[in-house]
Amino acid sequence: MKIGEVSLLTNDVVRLANFYKQLLEIDNQSEDEVHQALINEETMLTVYNDGSIKNNANQNICLAFTVDDIEKEYRKVLNLGAEVIEGPTVRPWGAVNMSFYDPDRNIIYFRQL
């Protein structure tokens with residue numbers, strides 16, 4: 001069994017999808033207000049409005065991405081105006097991690113191995 005999709009539920013698909021398009025440097029050629037697929041590989045990343053009101057107090061999930069150059073990504077996150085939780089920090093096991101909030105306050109981790 002494989003995870004087929006991770007979907008970020010939101011009240012504003014365009015706003016959240018545009019943030020991730022800039023963050024991930026991708027363009028899905030969509031401005032759909034209900035559903036956008038951002039990454040369409042083995043595990044998809046989608047942004048979806050299922051019609052219910054979200055409270056944007058997302059405390060039980062985070063997304064983690066492995067990056068090649070965490071300092072470059074850190075500058076990009078700052079330029080996007082994202083609220084940084086923790087800047088690039090070397091962990092005891094050698095990885096460098098950073099964390100920040102997306103516009104809906106989902107926690108995002110970047111890690112450089």
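The backbone nitrogen of His35 lies 2.9 Å from a polar atom in the side chain of Asp32, and that side chain also reaches the backbone nitrogen of Val34, at 2.6 Å. These distances come from a predicted model. Asp32 itself is placed in the loop between α1 (13-24) and β2, while His35 stands opposite Tyr48 in β3. Elsewhere in the model, an open sheet of four strands has the order β4-β7-β6-β5, with mixed pairing, and the largest nonpolar core has 21 residues.

**Asp32 and its surroundings**

- Once residues up to four places away in sequence are set aside, Asp32 touches Val13 and Val14.
- Asp32 and Val47 are separated by 15 residues in sequence, and their C-alpha atoms are 9.9 Å apart in space.

**Strands β1, β2 and β3**

- Strand β2 (residues 35-39) pairs with β3 in the antiparallel sense over four bridges, and the hairpin that joins β2 to β3 passes through four residues.
- Strand β1 (residues 5-9) runs parallel to strand β3 (residues 44-48), and five bridges join the two.
- Tyr48 in β3 is the bridge partner of Leu9, and Tyr48 is also the residue that His35 stands opposite.

- In the open sheet with the order β4-β7-β6-β5, the edge strands are β4 and β5 (84-90), each of which pairs on one side only.
- The twist of this sheet averages 15° from one strand to the next.
- Strands β4 and β7 run parallel and are joined by five bridges; within this pairing, Cys62 has Ile107 in β7 as its bridge partner.
- Helix α1 lies across β4, β6 and β7, and runs at about 155° to β6.
- Helix α2, by comparison, lies across β5, β6 and β7, and runs at about 170° to β5.
- Asn97 has its place in strand β6 and counts as buried because its relative accessible area is 13%, under the 20% limit.
- Leaving out residues up to four places away in sequence, Asn97 touches Ile70, Gly87, Pro88, Thr89, Arg91, Phe110 and Arg111.

**The largest nonpolar core**

- Within this core of 21 residues, those with the most contacts are Tyr20, Leu23, Leu63, Val77, Phe100, Ile108 and Phe110.
- The elements that give two or more residues to the core are α1, β3, β4 (62-66), α2 (70-79), β6 (96-101) and β7 (107-112), and α1 gives the most, with six residues.
- Apart from its neighbours within four places in sequence, Leu23 is in contact with Glu73, Lys76, Val77, Leu80, Phe100 and Phe110.

**Aromatic pairs**

- A search of the whole structure finds three aromatic pairs; in one of them, the rings of Phe65 and Phe110 have their centres 6.0 Å apart and their planes at 85°, so this pair is edge-to-face.
- Phe65, Phe100 and Phe110 together form one aromatic cluster.

**Residues with positive phi**

- Most residues other than glycine have a negative phi.
- Gln29 has a phi near 60°, a positive value in a residue other than glycine; Gln29 lies in the loop between α1 and β2 and is exposed, with a relative accessible area of 69%.
- Arg105, although not a glycine, has a positive phi of about 70°; Arg105 is found in the loop between β6 and β7 and counts as partly exposed, at 34% relative accessibility.

Definitions and conventions:
Residues are numbered from 1 along each chain as its sequence is written. This is a predicted model: local features need pLDDT of at least 70, side-chain atom pairs count only at pLDDT 80 or more; totals for chains, interfaces and linings use all residues. Side-chain values use heavy atoms; hydrogens and water are left out. Two strands pair if DSSP finds at least two bridges between them. Contact means heavy atoms within 4.5 Å. A polar contact is a pair of N or O atoms within 3.5 Å; within protein, one must be able to donate a hydrogen and the other to accept it, and residues adjacent in sequence count only if both atoms are side-chain atoms. A nonpolar core is a set of buried Ala, Val, Leu, Ile, Met, Phe, Trp, Tyr and Cys residues joined through side-chain atoms within 4.5 Å. Buried means under 20% relative accessible area, exposed over 50%, partly exposed in between (1.4 Å probe, protein chains only). Axes are lines fitted to C-alpha atoms, for helices over the stretch in contact, and angles run from 0 to 180 degrees between N-to-C directions. Rings of Phe, Tyr and Trp (its six-membered ring) pair if their centres lie within 6.5 Å; planes under 30 degrees apart count as stacked, over 60 as edge-to-face and the rest as tilted.
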